[in-house]
Amino acid sequence: MLLSSRFPRFLSFFSAYFYQGLVAGFSLTALTNHYAAAGLGAAEVGRHFAVAGLPWTVQPVLWGPLVDRFTDFRMGRRRLWIAVAIVGAHGALATLLLVDGPLATVGLVSAIFLAHSVFASLLDTALDGTIIDQVPPAELGRTSACTRGGFVTGAALSAALCSWSLGAYGFGPTVAALLAAGLVATLPPLLARERADDAW
């Protein structure tokens, strides 16, 4: 897939933001509702929100200069950053499978989502740079709508399905399903090349 073509572009950006929505829907809606239903106080639930979201508050300072400065890669200007971010994000989420239930280890789960957010914010920065580089000016509005649509769709589906799954099957199977869906969703942005001569 080449980002110079419209359909691969829209598919890649929609899928990447759909993935971000999947994780947000689980972490910030389904899991926090699960915590609240189990009797955790507002302070603990709020702390989870704050810790998981911290990397997003420093995203421009943390990743912007790095991603903009180092772009001379055989995989393309931004694609190596996208690949590193996706692998790191999935690696962070996979550690949730080692957690013995989220209620006894709220701080650990929040720390894992903090690590995930570090990589997710890198992915977001690299994708924004790719959009600037690859999308014709006349399509920027549609592309913005596409990314937002991907995020909202992913978040809504994840919030609904993971809330049900946490109650019906528990934490481990829900995380495994989230990981599987996330792996599928991140394939298009991982495989989409900026130019035909970019290395796989």
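A residue is called buried when its relative accessible area is under 20%, exposed when that area is over 50%, and partly exposed in between, with a 1.4 Å probe and protein chains only. The model described here is a predicted one, in which local features need pLDDT of at least 70 and side-chain atom pairs count only at pLDDT 80 or more, while totals for chains, interfaces and linings use all residues. Residues are numbered from 1 along each chain as its sequence is written, and side-chain values use heavy atoms, with hydrogens and water left out.

His116 has a relative accessibility of 4% and therefore counts as buried; its place is in helix H6, where helices are DSSP runs of H or I with at least four residues, numbered from the N terminus. Apart from neighbours within four places in sequence, His116 is in contact (heavy atoms within 4.5 Å) with Tyr19, Val23, Ala89, Ala92 and Leu93.

Not counting residues up to four places away in sequence, Phe113 touches residues including Val23, Phe26, His48 and Leu93.

Pro189 lies in helix H9, residues 187-191, and is buried, with a relative accessible area of 3%. Although Pro189 and Arg9 are 180 residues apart in sequence, their C-alpha atoms are 8.7 Å apart in space.

Terms used. Helices (H or I, at least four residues) and strands (E, at least two) are DSSP runs, numbered from the N terminus.
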